[in-house]
Amino acid sequence: MRQLLTESLLISCFGGATGFALGYLGREVIPHLYSSPWRPPSLHSDFDHRIFLFALTVSLGTGLLFGLAPALQLTRQDVNTGLKDTSGSTTRRRKGLAGSGLITLQVALSVLLVIGAGLFSRTLINLNRNHLGFDPQGILLFTLQAPASHFPGEEAISLHQRMEASLRLVPGVSSVTLSMSPILAHYSSTVNFQPSEQEKRDEKNDGIHNNTVGQSFFETYRIPLLYGRSFTSTDTASSPPVAVINQALARRFYPNLNPVGKTFHNPEKNAAPIQIIGVVSDALYEELQGTPPPTFYLYYPQVKFQEQMTFVVKTSRRPEDLLPAIRRAVADVDRDLPLLDVRTQQEQINDSIAQERLFALLTVSFGILALILACIGIYGVMAYNVARRVNEIGIRIALGARPSEVRNMVLRESSWMALIGIAVGLATSFWLTRFVKSMLYELQPTDPAIFIGAALLLLFVSLSSAYGPARRAVRIDPMEA
């Protein structure tokens, strides 16, 4: 008994040490997935001795827990019966119930993890396939913060205009614009939108997205102008305020009407009416999930508060290659203004789905690990069962059992364990996946394709793992058995 417990503890400690080493080496993986190219990681995973003690405790506890039952069973074994039967007595199938039960549970957990991996992977794929409404290729973003104490009022507008002119002179730059709210940065500005035709404020008009942009904003992002016009140099701080709206806002407030020429205002700011001069196609604004919200765009020379703006530089070259020249162009205007949060538009998009990407990667990793463990477990249990039943299988072969019948007998046992585990896993997944419905995109938590695919995958893994012991059973020599 002591020897068996010692072996169990050695195996568990070796496994725990290996897992601890892998965890220590990969401790920066999750913080790296949450970090951005332009920001330091928001998570830190410093080594703590308590983690080592926890891993050691789990390893020792696992070794004792799963080594104690076989050790106790060994102490109750009848020595005389073992000597008489040697190594080949008739099979006592009840001895394999514990192993079969553990394998069934393992398959059920594997089904749950594989389904989770499928759901989050499909969500990530759906997000990446979502129609953006704009072209993110070849766009470099950076933020400039002009303190109001140094650039009050119209001086901030003049600074941004000089920055635009300087950046347009950089070789390789095709267009330059700027935006108060970067696209797909999980940041937005919402206000009340009240058409001038409405006499009373309507609650449904609250929460309309708006952005303050440059003259060539729609051209830079290749957002089509449907009708009307875009901003021009004739729109100045002294001219009447104008705005461009998207299709979603036009459909909501001006159904079956041409909104160009209409005016609206914001009662909260008590500002002058703003005239609509054009309508552009819908484009995603705050996040990749969902549909483009109703949005209107203002021209930045007509907006007072511009302490922080994001510049958008379009190029046909690699955006990163232009960064040194862009820094020089900014320094030519004001060398005291640093470039903040430098990134490409594609990096901004990737950062907006960092959480979904993390969930997909973790669930896929755990799903693969579960499949490997299930494969090893099924192989071990079936190999052990074949080794215990050598004399029974030998007698079957001696009495005329064909190799295919012996092989199918072993595969049938593994398939029953797999089917029971798959059924339990599917039922559990059907109940648990409803709690992650809000984290999925364009996907039902009980998607039939994912559930059926997970069941077929586990069944294939189970039969493949049992095929080796089944072949070994076929090759048993009746005389030796």
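These legends describe close-up views of a predicted model.

**View 1. Salt bridge between R122 and D447.** The closest N and O atoms of this pair are 3.6 Å apart. R122 sits in helix 5, which spans residues 97-129. D447 sits in the loop between helix 13 (403-432) and helix 14 (448-474). The bridge therefore ties together parts that are 325 residues apart in sequence. R122 is partly exposed, at 31% relative accessibility. D447 is buried, with a relative accessible area of 13%.

**View 2. Salt bridge between R222 and D135.** The side chains meet at 3.1 Å, N to O. R222 belongs to the loop between helix 7 (217-221) and strand 6 (225-228). D135 belongs to the loop between helix 5 and strand 1 (139-145). These parts are 87 residues apart in sequence, so the pair ties them together. Is R222 buried or exposed? R222 counts as exposed, at 55% relative accessibility. That value lies over the 50% cut-off for exposed residues. D135 counts as buried, at 18% relative accessibility. Here the cut-off is under 20%.

**View 3. Salt bridge between K314 and D135.** D135 also forms a salt bridge with K314. The closest N and O atoms are 3.4 Å apart. K314 lies in strand 11, residues 308-315. D135 lies in the loop between helix 5 and strand 1, so this pair ties together parts that are 179 residues apart in sequence. Both K314 and D135 are buried.

**View 4. A salt-bridge network of R389, E392, R396 and E413.** Salt bridges that share partners join these residues into one network. How many salt bridges does the model contain? The count comes to 12. In general, side chains of opposite charge can pair when their charged atoms come close.

**View 5. Aromatic pair of F134 and Y221.** The structure holds 15 aromatic pairs. In this one, the ring centres are 5.4 Å apart. The planes make an angle of 85°, and the pair is edge-to-face. F134 is in the loop between helix 5 and strand 1. Y221 is in helix 7. F134 and Y221 are both buried.

**View 6. Aromatic pair of F217 and Y297.** What is the arrangement of the F217 and Y297 pair? The pair is tilted, with 40° between the planes. The distance is 5.7 Å, centre to centre. F217 lies in helix 7 and Y297 in strand 10 (residues 295-299). The pair therefore ties together parts that are 80 residues apart in sequence. F217 and Y297 are both buried.

**View 7. A cluster of aromatic rings.** Ring pairs link F134, F217, F218, Y221, F231, Y297, Y299 and Y300.

**View 8. Contacts of S121 with A360 and V364.** S121 is found in helix 5. Which residues does S121 touch, not counting those up to four places away in sequence? S121 touches A360 and V364. The C-alpha atoms of S121 and A360 are separated by 5.0 Å. Along the chain, S121 and A360 are 239 residues apart. S121 is partly exposed, with a relative accessible area of 22%.

How values were computed
Residues numbered from 1 in each chain as written. Predicted model: local features only at pLDDT ≥ 70, side-chain atom pairs only at ≥ 80, totals over all residues. Heavy atoms only, no water. Salt bridge = Lys/Arg side-chain N within 4 Å of Asp/Glu carboxyl O. Helix = DSSP H or I, 4+ residues; strand = E, 2+ residues; numbered from the N terminus. Buried < 20%, exposed > 50% of the residue type's maximum accessible area, 1.4 Å probe, protein only. Phe/Tyr/Trp six-rings, centres within 6.5 Å; stacked < 30°, edge-to-face > 60°. Contact = heavy atoms within 4.5 Å.
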